[in-house]
Amino acid sequence: MIEKAAEAILRGDLVAFPTETVYGLGASLWNEEGIAKIFRAKGRPADNPLIVHFHSVEQIQQVAQDIPSALYALAERFWPGPLTCILKRRSCVPDSATAGLETVAVRIPSHPVALALLKAVGEPLVAPSANLSGKPSPTRAEHVWQDLEGKVADVLDGGACEVGVESTVINLCEEIPVILRPGVITKEELEEVLGPVKIAVKGERAIAPGMKYRHYAPICPVHLVRSLCAYSKEDGKKRLFLGSSEAPGISRLETRTLYQLLRKADAEGYDEVVVQLDSKLESDVALMNRLLKAAEPR
Ligand code: TXA
Ligand code: MG
């Protein structure tokens, strides 16, 4: 399985694979045709750079220069795992992968299938989430087939992703490191290793290019509310109610199952998703980031 997938990637075809966060759509960093296929398959804007995946820290020197000691400190604590670091790139990295930026995003995933594939290919893999651009990221192999059937050579099935949302992205090229995308590795955990860390604010230059696009959204509208009182059963609308705990008519929402629930809303023909917010959900920075994006008016 892995050997065949590795051969396909080395031929320039795309293979989706599980990571601990979400499924990735993989191509070799050194294969420009493979990289072009990723953008075409996802319908991804060319100005949105890709994350380069490795199986060992030593490999990162192939793509990055002036690597700060902070990278090694973070690697020690969080890799393999759901963290992506932005470093100064080397000129050998294809512009198509970094969208022409002077920086490159790197990560070592922890899923055994991802690590086995990286070793079998023997080259770094660029891998965005394996969904159509704008749709919720895939957390199961079947989600990838739903979005990309006919566009991928293979999907390695590693079951449901443990984390369920994309990696935390931190920019190490700034004087004070900046979190560009929140994830399950929190600001507080990063500060234990790095000292003070900032969070990028929407509208500021520092934000990850991908964060300006509408994301994570099912086709049906998503509403975030405090009270469900306004929703009457009689208006004939089919609603998926989500909350921090299971209750009659309400499904439990967790980071791990967020994207699966959003996909279910479309697959089962719901008219809307209604999320009842409370302090528990609101204290989860990564989950709220995705929920707010999913609920953006279109
Ligand atoms: O968990 C993850 O990170 C998953 C798995 C497959 O590894 N990958 C993922 O990739 O979420 P993608 O392409 O869906 O999101 C990558 C994010 C985008 O917001 C992109 O703009 C940002 O990382 N990014 C990539 N390179 C960057 C760079 N050089 N500077 C700033 N942001 C960058
Ligand atoms: Mg994505």
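Predicted model: local features only at pLDDT ≥ 70, side-chain atom pairs only at ≥ 80, totals over all residues.

Reader: At what angle do helix α1 and helix α5 pack, and how far apart are their axes?

Author: Two packed helices are described by the angle between their axes and by the distance between those axes. Here helix α1, residues 2–10, packs with helix α5, residues 112–121, at an angle of about 55°, and the axes lie 9 Å apart. That angle makes α1 oblique to α5, and the crossing of the two helices is right-handed.

Reader: Which residues make the contact?

Author: On the α1 side the contact is made by I2, E3, A5, A6, I9 and L10, and on the α5 side by V113, A116, L117, A120 and V121. By class, the contact of α1 with α5 has ten nonpolar residues, one charged residue and no polar ones.

Reader: Turning to the sheet, in what order do the four strands lie?

Author: Strands of a sheet pair through backbone hydrogen bonds, either parallel or antiparallel. In this open sheet of four strands the order is β12-β15-β13-β14, with parallel pairing. The edge strands, each pairing on one side only, are β12 (222–225) and β14 (250–252), and neighbouring strands are turned by 30° against each other on average, direction ignored.

Reader: How many bridges join β12 to β15?

Author: Four bridges join β12 to β15, residues 272–276, and V225 has Q276 of β15 as its bridge partner. Helix α8, residues 258–267, lies across β12, β13, β14 and β15, and runs at about 170° to β13.

Notes
Residues numbered from 1 in each chain as written. Chains lettered and ligands numbered in written order. Heavy atoms only, no water. Axes fitted to C-alpha atoms, helices over the stretch in contact; angles between N-to-C directions. Parallel < 35°, antiparallel > 145°, perpendicular 65-115°, else oblique. Left-handed = near helix turned anticlockwise from the far one by under 90°. Contact = heavy atoms within 4.5 Å. Nonpolar A, V, L, I, M, F, W, Y, C, P; charged D, E, K, R; others polar. Pairing = 2+ DSSP bridges.
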